[in-house]
Amino acid sequence: MARSPSSPAFWRSPLRGPWFTSVLGVALLAGITVLFVTGLLSYAAYNPNLSPVNDKTGDKGILGFYLFAWPTDPPWLYRLTQGVHVTLGIALVPVVLAKLWSVVPRLFQLPPARSLTHALERISLLLLVGGVLFEFVTGLLNIQLDYVFPGSFYPLHFYGAWVFFAAFGVHVALRAPTAVRNLRRMRGSGEEERGEDANAGSRPAATEAIPPPVSAEEPSLVAPYPAEPTVSRRGAVWLVGGGSLLLLATSAGQNFDGPLRRTALLAPHGGAEPGSGPGGFQINKTAASRGIDPAETSEDAWRLTVTGPSGTVRLSRAQLLELPLHSAALPIACVEGWSTSDQWWRGVRLRDLAALVGYEPGAAPDVLVESLQRRGAFRRAALRDNQVRDARSLLALDVNGEPLTPDHGHPARIIVPAAPGVLNTKWVARMTFGDL
């Protein structure tokens, strides 16, 4: 038997073949396209063109061609798009691993290139394999509470996604004619049925039930000397699908409240609600973890500084409570994929704070919000004018009928419909209104 991975005889699994690879490929074609689109939407939700403080990829150039002002309706928009992105990404892990396993012989083919087209295909395949592993590894690490990958997640995942999807597009374009020919051959020769019969019986001979390559440049994935089968190809597909469904069932619950959240065993926020009462809903940044000193958030010490064209005002929490207060039922959705149901927030509308510093009603501009927190990303965040003018956008003082707890942002926090959680700044210290 061959000892070199470059020899077709080295790979002996009877499962490999065009049918098995095609089924996994179709699933990934749909799934990865959804991941790419929802990932781009997540990036747009940060409004990176608004201000450098929101943009973690300042040299993106033409890669930001699609960016648009992120809307505030429907208020659950980011909860949906990012929930789909993270949950689907987790569920696709078995499919990605099975697909890579099914085509791994192609990575060792010799000679490295038989023609220019073959060289381009090999390069795209290497970028595709490296890209998918990089994107899934960094994505899975980011949804955990302790991100350990070297470098900032935002630019790494953003640029990695574009490299991967470019290789994905090139690979699909180059492989499409071969894939169509394979499908026609499979339909005409019944290769799937022959492969299944071979798996169900004894070991076939070297030439039995093995369709010839489409061309000299297209070696077959079918093992010429297959080992004894232990499972059929259909059984392997069911095994991969079952693994995906299991991951889906143990992660999707992070997008729901109540008993379903307890089923999210693999999600960082999948356990029981953190405590009870009005503040008993998910968080990812505690006051202690961000260096918030209780002394600086006390009634005597804390003041909100609001700046605009007419000057600067400083307001205590008691003074804010004397302003017109409004309520809004809004969820919180995080880039990590978890979200809460609607919580009842009460506070001062952002557009009313803009009016305090010189803006006409309905003409509120962008705002730069700064937090007391000492550590972590998004200590400063910018909101676009459409977000500021929305009547549901609040500087929240209470939630669910009680004052904010320290971990939920006491003495005041931002809450904006459809915005990523990190833009709903907690422990707000300063707000500067103006074009950003």
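Buried means under 20% relative accessible area, exposed means over 50%, and partly exposed lies in between (1.4 Å probe, protein chains only). The model shown here is predicted, so local features need pLDDT of at least 70 and side-chain atom pairs count only at pLDDT 80 or more, while totals for chains, interfaces and linings use all residues. Residues are numbered from 1 along each chain as its sequence is written, and side-chain values use heavy atoms, with hydrogens and water left out.

View 1. Let's start with D398, which sits in strand β7 (residues 394-399); strands (E, at least two residues) and helices (H or I, at least four) are DSSP runs numbered from the N terminus. D398 counts as buried because its relative accessibility is 9%. Leaving aside residues up to four places away in sequence, D398 touches R317, W344, W345, R346, P403 and L404, where contact means heavy atoms within 4.5 Å.

View 2. A salt bridge is a side-chain nitrogen of Lys or Arg within 4 Å of a carboxyl oxygen of Asp or Glu, and the structure holds eight of them. In one, the side chains of D398 and R317 meet at 3.2 Å, N to O. This pair links distant parts of the chain, strand β7 for D398 and helix α8 (residues 317-322) for R317, 81 residues apart. R317 is buried, with a relative accessible area of 8%. D398 also forms a salt bridge with R346, and here the closest N and O atoms are 2.8 Å apart. That pair, too, links distant parts of the chain: R346 belongs to strand β4 (residues 343-349), 52 residues from D398. The C-alpha atoms of D398 and R346 are separated by 5.2 Å. R346 is partly exposed, at 34% relative accessible area.

View 3. Next, look at R389 and D385, whose side chains meet in a salt bridge of 3.6 Å, N to O. Both residues lie in helix α10 (residues 385-389), four residues apart, about one turn of the helix. R389 counts as partly exposed at 31% relative accessibility, and D385 counts as partly exposed at 26%.

**View 4. A salt-bridge network.** Here D73, D390 and R392 are linked in a network of salt bridges.

View 5. Over residues 20-46 the chain is 96% helix and 0% strand, with end C-alpha atoms 39 Å apart. Over residues 84-104 the chain is 90% helix and 0% strand, and the end C-alpha atoms are 29 Å apart.
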